[in-house]
Amino acid sequence: MADIPDTTTLGTLVRQRRNSLGLRQQDLALAANVGVRFIVDIEGGKETSQIGLVIRLLKALGISLQANMAPAPPSPSQSADDDSGIFDPDNPAPSR
């Protein structure tokens, strides 16, 4: 699994995978149903690409996208035994 902290890293990953599959940019664009310009932009690290198209492109390359979330650190103003500021997804609006 690769950490993708920015669009430049994503572009490098896409280019490396495309090359390892022996695809030209035109081939990948056709497989992902996107324009060649889009492939060029992604591989160049463009930051304003449409996420839906990015996901379609990754799928065409056989790359799955996953979200790994680290636990949020407690805020400095929150005491260790006070959980009133912690978000509970099972109870999004706790009573006070």
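A nonpolar surface patch joins nonpolar side chains within 5 Å, taken from residues with over 30% relative accessible area and no salt bridge. The views below show a predicted model.

**View 1. Ile51, Ile55 and Leu65 make a nonpolar surface patch.** The area of this patch is about 300 Å². Leu65 belongs to the segment that follows α4. Its relative accessibility is 54%, so Leu65 counts as exposed. Just after α4, Gly62 adopts a positive phi of about 75 degrees.

**View 2. Val54, Leu57 and Leu58 are the buried residues shown in α4.** Around the helix axis they span an arc of only 100 degrees, and therefore sit on the same side of α4. An α-helix has 3.6 residues a turn, so residues three or four places apart point the same way. The cover over the buried residues of α4 includes α1, α2 and α3.

**View 3. The largest nonpolar core contains 13 residues.** Val14 and Leu57 have the most contacts inside this core. At least two core residues come from each of α1 (7-20), α2 (25-32), α3 (36-43) and α4 (51-60). Neighbours within four places in sequence aside, Leu57 touches Val14, Leu28, Ala32, Phe38, Ile39 and Ile42. In soluble globular proteins, nonpolar side chains tend to be buried together.

**View 4. Arg15, Arg18 and Glu43 form a network of salt bridges.** In the pair Arg15 and Glu43, the closest N and O atoms are 3.8 Å apart. For the pair Glu43 and Arg18, the closest N and O atoms are 2.6 Å apart. Here Glu43 of helix α3 is paired with Arg18 of helix α1, so the parts tied together are 25 residues apart in sequence. Both Glu43 and Arg18 are buried. Glu43 has 5% relative accessibility and falls under the 20% limit, so Glu43 counts as buried. Arg15, at 30% relative accessibility, counts as partly exposed.

**View 5. Lys46 and Asp41 form a salt bridge.** The closest N and O atoms of this pair are 3.6 Å apart. Lys46 counts as partly exposed, because its relative accessibility is 38%. Asp41 has a relative accessible area of 15% and is buried. The total count in the model is 5 salt bridges.

Note on methods: Residues numbered from 1 in each chain as written. Predicted model: local features only at pLDDT ≥ 70, side-chain atom pairs only at ≥ 80, totals over all residues. Heavy atoms only, no water. Core = buried A, V, L, I, M, F, W, Y, C linked by side-chain atoms within 4.5 Å. Buried < 20%, exposed > 50% of the residue type's maximum accessible area, 1.4 Å probe, protein only. Helix = DSSP H or I, 4+ residues; strand = E, 2+ residues; numbered from the N terminus. Contact = heavy atoms within 4.5 Å. Arc of directions from axis to C-beta. Patch = residues over 30% accessible without salt bridge, like charges linked within 9 Å, V, L, I, M, F, W, Y side chains within 5 Å. Areas by Shrake-Rupley, 256 points an atom, 1.4 Å probe, with all protein chains shown as cover. Salt bridge = Lys/Arg side-chain N within 4 Å of Asp/Glu carboxyl O.
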